[in-house]
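Subject: Structure handover

Hello,

Here is the structure I promised to pass on. Please open it first, then read the notes below.

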Amino acid sequence: MTLFDKPTVLVQGITGHHGAFHTKGMVEAGTNIVAGVTPGKGGQEVHGLPVFSSVSDAKSAFPDLNTSVVFVPAAFAKNAVVEVVDAGIEQIVVITEGIPVHDALFMHEYCTSHDVTLVGPNCPGLIVPGSHKLGIIAAHITSPGSTAIISRSGTLTYELADALTKKGIGQSIILGIGGDPVPGMSFVDALKMVEANTQTEQIIMVGEIGGTTEQLAADYIAEHVSKPVHGLIVGHAAPAGQTFGHAGAIVGTDSESASAKTEYLRQKGIQMSATLDELISQL
Amino acid sequence: MNLLEHQAKSLLTEHGAPVPRSWLVRDSSTIPDPLSFPLVAKSQVPVGGRGKAGGIVNVDTREALPMVIDQILALDIKGHRPSSVLLEEKLEGSRELYLALRLNRDARRIEWLASPSGGIDIETNASSVETVALDDGAATLPSILGVEEAALSPLTKALLETFKASDLMLLEINPLIELSDKSLVCADAKILVDDNARFRQPTLPWPEVSGNPPKPLGGTIGCIANGAGMAMSTMDTIVAAGGKPANFLDIGGGTGEKEFMTALRQIMELPGVSSIIVNIFAGISRCDEIARGIIAAREQLPALPPLFIRLEGTNRDIAVQLLTDAGITIEPNLATCIQKALQASQAAPLDTSVEEASVFPTGARQDNQSISVERASEMDGGEKMTNTGSGR
């Protein structure tokens with residue numbers, strides 16, 4: 001399955017403040033959530049959904065479970081991901097921020113070796129407007145359509161979704177891959193998925209300073225993506241050597257700067273904008 | 001977090017990596033005894049370029065030492081004044097090598113970097129630095145470095161153990177010295193620790209938590225936005241319009257009155273700020289909460305410079321009503337905010353002195369003593385990371 005398919009969902013950390021709040025939002029956005037997990041709280045209910053103490057208990061009760069959304073605290077996130085992979089669940093979205101990068105690396109390797117799709121950590125998750133949402137993106141600013149938004153930043157995806165919705169341009173998926181240095185799903189992984197999705201007709205990619213994942217994405221686009229791609233890199237005004245809010249947003253080498261990335265992507269045929277307003281006006 | 005050299009070496013010692021004999025001193029009146037001469041006195045500042053700046057001095061006699069210590073302690077290097085000096089036995093090595101472990105974010109793996117030509121010339125020898133996968137280290141590192149496997153193997157084991165046990169993102173040994181008896185010693189060490197691991201690394205020398213202060217950028221237009229991407233995008237839009245942002249600040253979602261007030265107060269303290277732009281898109285957070293913060297700030301901060309406010313998203317209508325009732329206008333979009341902020345800043349002269357002083361120490365990039373792994377490995381997409389916040 002892919003993130004576009006309607007999933008059967010488990011929420012890990014459902015009894016926590018954020019877990020409970022966003023479970024409600026996901027259900028209201030049409031998501032088929034069937035259960036939650038919080039260790040030691042099996043037998044309780046949250047918004048009428050049964051809570052289990054372990055993922056394997058939940059999976060036994062609901063064999064159709066194929067997706068988990070993780071809200072557990074950073075210190076427990078690695079074990080939560082291992083538990084869900086071991087239970088045979090196919091897709092995981094980790095919302096939790098502040099996860100040590102060594103744990104993120106382990107989560108990525110563990111999921112990859114078990115053929116499990118991992119989105120995040122430290123991300124807003126995704127929404128397929130009109131179908132389902134996995135995470136915390138506000139559904140009321142989105143509308144169904146054929147434009148895919150892929151971004152490292154959460155709030156910029158909201159801003160774009162809202163602007164597109166107001167212009168009458170609907171979205172096939174809005175996906176925040178997260179601001180950490182080592183994400184599960186990369187831009188390339190996400191591009192592969194939206195290129196294969198028949199609903200999607202154009203793609204918006206929002207990158208930022210730090211790393212060279214946007215360049216890898218540009219190489220991939222030039223070779224494998226037939227759909228038009230509009231790009232924006234934020235952080236042009238950021239001096240080198242400082243972290244800008246996201247753990248991964250720091251210019252170490254010249255190639256990690258916003259201007260170097262913008263130029264590289266432009267050369268690969270991607271329609272680049274200098275600012276968010278410019279990007280919105282071009283769509 | 002970047003560790004100071006002596007902190008990095010303590011960590012290495014805990015895991016059995018060989019470092020020179022050393023003594024840490026905080027003033028010239030308490031010099032330990034015995035010391036062995038000649039030695040090297042090294043300023044303990046968290047930035048590179050210490051040698052060039054006069055922060056690393058050879059000392060041949062005990063008599064000369066107090067004056068050198070006083071000089072180093074009084075020497076400001078890139079805005080940092082050391083609180084200690086590391087006295088180290090001077091190594092008479094035959095060769096200077098380069099060896100590092102780093103987390104390669106784009107390849108999503110931990111890897112070795114190695115070069116037989118380490119020391120201060122590594123920058124010009126960047127092409128000599130080879131990238132080696134962890135699993136291939138034992139087989140290929142001895143030949144790349146030109147050292148004996150028996151000497152290297154316990155060192156690489158200790159470095160990898162340090163890297164994993166202490167949640168490091170970068171561990172750079174430059175130079176790694178091969179002594180005449182073929183043994184290896186870590187003469188300098190640069191360590192970058194993952195800030196997200198703070199909760200499980202309680203013994204490391206973490207700084208006091210200082211909240212989320214605005215990052216000064218030296219311009220005239222203060223900025224408050226929610227979300228790191230939004231805050232960067234706001235800065236970029238200001239620059240594209242010909243302005244200069246005074247700061248970067250992501251106040252995050254669900255910000256209350258108190259946090260908003262603190263943010264405004266901190267931006268007002270930056271020199272040269274002539275106005276502040278508030279750029280908020282409320283997805284899960286609510287515009288009316290922000291509006292209440294703005295109204296409270298107007299009442300309680302009499303010296304508040306002009307605010308130019310753009311609010312979109314959840315409960316915008318309520319927010320506009322609240323602000324209108326309080327006599328505060330709201331701009332239709334960010335472009336208008338910037339236009340008005342530019343007009344306001346024309347009156348105030350620009351203070352450019354802030355920019356350099358505020359730059360967080362990246363250390364190695366300008367460092368002649370311990371060359372930057374990022375520079376050395378630029379060709380294969382090297383990176384440099386620290387971290388603070390949320391990607392949401």
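This is a predicted model: local features need pLDDT of at least 70, side-chain atom pairs count only at pLDDT 80 or more; totals for chains, interfaces and linings use all residues.

**Domains of chain A**

Chain A is assigned two domains. Domain 1 covers 8-119, and domain 2 covers 142-282. Their centres, taken over C-alpha atoms, are 27 Å apart. Where they touch, domain 1 of chain A supplies nine residues and domain 2 of chain A supplies six. On the domain 1 side, two elements give two or more residues: helix H4 (101-113) and strand S7 (117-119) of chain A. H4(A) has the largest share of that side, with six residues. By class, this side of domain 1 of chain A holds seven nonpolar residues, two polar and no charged.

**Chain B**

Chain B has 392 residues, of which 48% count as buried. Eleven helices and 15 strands are found in chain B. Take the contacts in chain B with a separation of 6 or more: 71% of them join residues 24 or more positions apart.

**Where the chains meet**

The contact between the chains takes 60 residues from chain A and 56 residues from chain B. On the chain A side, helices H3 (74-86), H4, H5, H7 (213-224) and H9 (276-282) each give two or more residues. Which of them gives the most to this side of chain A? H5(A) does, with six residues. The chain A side has 27 nonpolar, 25 polar and eight charged residues.

**Helix H5 of chain A**

H5(A) runs over residues 154-166, which makes 13 residues. From first C-alpha to last it reaches 19 Å, close to the expected 18 Å. Ten of its 13 residues are buried, so the rest of the structure largely encloses H5(A). Among the buried ones are Gly154(A), Leu156(A), Tyr158(A), Glu159(A), Asp162(A) and Leu164(A). Just after H5(A) comes Gly168(A), with a positive phi of about 80°.

**A sheet in chain A**

Chain A holds an open sheet of seven strands with mixed pairing. Its order is S3-S4-S2-S1-S5-S6-S7. The edges are S3 (45-46) and S7 of chain A, each of which pairs on one side only. S3(A) pairs with S4(A), residues 49-52, in the antiparallel sense over two bridges. Within S4(A), Leu49(A) is the bridge partner of Val46(A).

**Nonpolar cores**

In soluble globular proteins, nonpolar side chains tend to be buried together. Here the largest nonpolar core has 176 residues. Val70(A), Ile150(A) and Ile191(B) have the most contacts inside it. Strand S8 of chain B, residues 168-179, gives this core its largest share, seven residues. Which residues does Ile150(A) touch, leaving out those up to four places away in sequence? They are Leu175(A), Ile177(A), Phe187(A), Ala190(A), Val194(A), Ile203(A) and Met205(A). A second, separate core has ten residues, including Ile69(B), Ile72(B), Val85(B) and Leu87(B).

Best wishes

Definitions and conventions: Residues are numbered from 1 along each chain as its sequence is written. Chains are lettered from A and ligands numbered from 1 in the order in which they are written. Helices (H or I, at least four residues) and strands (E, at least two) are DSSP runs, numbered from the N terminus. The expected span of a helix is 1.5 Å times one less than its number of residues. A residue is buried if 20 or more other C-beta atoms lie within 10 Å of its own, exposed if 12 or fewer, and partly exposed in between; C-beta atoms are placed from the backbone. Two residues are in contact if their C-beta atoms, placed from the backbone, lie within 7 Å. Domain bounds come from an automatic or database domain assignment. Ala, Val, Leu, Ile, Met, Phe, Trp, Tyr, Cys and Pro count as nonpolar, Asp, Glu, Lys and Arg as charged, and the others, Gly among them, as polar. A nonpolar core is a set of buried Ala, Val, Leu, Ile, Met, Phe, Trp, Tyr and Cys residues joined through C-beta atoms within 7 Å. Two strands pair if DSSP finds at least two bridges between them.
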